[in-house]
Amino acid sequence: MGVKHGNANGETKMEKQKKKLPIGIENFEELRSEDFYYIDKTGLIREFLRGWGKVTLFTRPRRFGKSLNMSMLEKFFSIDGDKSIFQGLDISKETALCETYMGKYPVVSVSMKGIDALAYGTAFQMAVQMVNEVAAKLYYLLDSEKLNAHDKSEYQKLLDDHMTEAVFCSSLKKLLGMLEKHYGTKVVLLIDECDVPLAKASANGYYRQMIALLRNLLGQTLKTNDSLKFAILAGCLRISKESIFTGLNNLRVLSVADAECDEYFGFTDTQVRELLEYYGCSGHFDAVKEWYDGYQFGNTQVYCPWDVICHLAKLHTDKTIQPQNYWINTSNNDAVKRFIRDSADVSAKREIERLVAGEVITKKICQELTYPEMYQTIDHIWSLLFMTGYLTRRGKAEGRLMKLAIPNLEIRDIFVTQIMDYFQEHVREDVPMLNSFCDALQNKDVENVEKVFTQYLKKTISIHDTAVRKGMKENFYHGVLLGVLGVKERWGVSSNREMGEGYADILVEPDTGDMGIIIEVKYAHDGNLKAACQKALQQIASTKYEDELADDGVQEVVKYAIACYKKQCKVMLG
């Protein structure tokens, strides 16, 4: 039975039940069999098979569909499973490829996402459990007539949750060997989230132990392994070959900078238009593009799939919902935090400001870093930001030199948020300057209020992006003022408090108890600071902010207008 829906003109029409949105669905078979909307990425199979290497590593930022694509590859190659889930998809048109490869191989699929611990011992147990779970899925090997008693004894060791490191490091190679014996054909190996254990180990102080463990595991599995048909790995970072891939000469890396398979991670412009149209949200295309598009992978510009789907889920039920940041809560954003923290020199601060303003920065990018190297220098952090999706390439690269930009408004929002968080954490570093500002404010010394606040703005990372809404810019300077005023612990400072017939930007009540200070902050988008101040004073007067203070017995009410433009400010007294 159809459901009636009203359109923008108040008209109604019968609409068929829509497919479900695949929020968080990473299992390809579930997605296809349970009637979820699927943007066809099976062309990845075709492109991979036309030029596959023995070991291929795909690197993409988080939330760009790596795990779903790995699940798709597993279902395509695996001897087991329902191949009807590929009917009608792009790869089904490749008859010869399907006849040669589809359903022809035993597949071992591993995800290292769960190896996340504060200490090496716990991390190793998680790695063992990973192998236990993979081996348990192949329990039929114990009944295989192709395996001898020794093989089955070795298989039993892989079910033991107390296995030694030596057994663990040979585990995948042994599993591949047993599967080859059982099926009489070579094995496809898929390893997802291969860099997660190293990231966690680096953050928690056991990197050397973890790198040695994975180097031994992958070295035995991927090098000179006659049972291996090919291996595909996926992760966020292109880990240096001198780390876990030491001595591996057959590694092919396809990163965000490479043109091969560039359109199969993320949504293209056409795909997003079709998706929005399907759910009756075409009118929101421009906003979705502004917030979630802008990544350049190889030669293709793509949207972040996670963000598009999360936002569409909200739009589908509430057409008035505004775009928001869905990516920020899927990670701790350490790369941006460290970048801002380590940008101590003036030139680095200015480069951040230029990026937030929508400009392009040219930098030398090194994609082959080990985890200990990533935060060693500000240059390495530029590379890390590029590889993890906080920055993207614009135009063609010239060797390692790349023109970098913030992809979209969502990522820009992350930068702005982290800039403000950093400012709030370090605002008290120059207490004498902050005290002089507060004293001038209390003494109605307009000249020094303006002078000191201007000096302070010159030291901070400011936001003057033409693409950022005026209200957001005002919020930035509003936040800076609140941080400065916070140095006076005994003062009462409130923000956006309801007063009179409106809301005061900032209300300050010094500890003398007889004074109230009202501050209205404006951003002079046209650079006319005086006009912006006058507008702020008019707003204070029209909303009668001071009436409530007078009713509370405050003897003196001081009204300030503070207008800002980039690193300039003007202060006027009402």
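Which side chain does the side chain of Arg46 meet in a polar contact of 3.4 Å? In this predicted model, the partner is the side chain of Tyr264.

Arg46 belongs to helix 2, which covers residues 43–49. Its relative accessible area is 14%; since buried means under 20%, Arg46 is therefore classed as buried. When residues up to four places away in sequence are set aside, Arg46 touches Asp90, Ile91, Glu94, Leu97 and Tyr264.

**Residues in loops**

Asp35 is placed between helix 1 (28–33) and helix 2, Glu193 between strand 5 (187–192) and helix 8 (196–204), and Arg490 between helix 19 (470–485) and strand 13 (492–499).

| Residue | Relative accessible area | Class |
|---|---|---|
| Asp35 | 38% | partly exposed |
| Glu193 | 12% | buried |
| Arg490 | 70% | exposed |

Arg490 counts as exposed because its value of 70% lies in the range over 50%. Asp35 has a phi near 65°, a positive value in a residue other than glycine. Glu193, which is not a glycine either, has a positive phi of about 55°. For Arg490, the model gives a relation across the chain: Pro510 is 20 residues away in sequence, and the two C-alpha atoms are 7.5 Å apart in space.

An open sheet is formed by three strands in the order 10-12-11, with antiparallel pairing. Strand 10 (361–364) and strand 11 (392–393) are the edge strands, each pairing on one side only. Strand 10 and strand 12 (residues 401–405) run antiparallel and are joined by four bridges. Lys363 has Met402, in strand 12, as its bridge partner. Helix 14 (residues 346–356) packs on the sheet and touches strand 10 and strand 12. The direction of helix 14 makes about 125° with that of strand 10.

**The second largest pocket**

Which residues lie nearest the centre of the second largest pocket? They are Glu74, Ser109, Val110, Val134 and Lys137, out of a lining of 32 residues. Two or more lining residues come from each of helix 3 (66–77), strand 4 (107–111), helix 5 (120–136) and helix 7 (165–183). The space in this pocket is about 780 Å³.

How values were computed:
Residues are numbered from 1 along each chain as its sequence is written. This is a predicted model: local features need pLDDT of at least 70, side-chain atom pairs count only at pLDDT 80 or more; totals for chains, interfaces and linings use all residues. Side-chain values use heavy atoms; hydrogens and water are left out. Buried means under 20% relative accessible area, exposed over 50%, partly exposed in between (1.4 Å probe, protein chains only). A polar contact is a pair of N or O atoms within 3.5 Å; within protein, one must be able to donate a hydrogen and the other to accept it, and residues adjacent in sequence count only if both atoms are side-chain atoms. Contact means heavy atoms within 4.5 Å. Two strands pair if DSSP finds at least two bridges between them. Axes are lines fitted to C-alpha atoms, for helices over the stretch in contact, and angles run from 0 to 180 degrees between N-to-C directions. On a 1 Å grid over the protein atoms alone, a cavity is a set of points where a 1.4 Å probe fits but cannot get out, and a pocket is an open set with protein on both sides within 12 Å along at least five of seven lines; lining residues have an atom within 4 Å of a point. Grid points are joined across faces, edges and corners, and a volume is the space filled by probe spheres set on the points.
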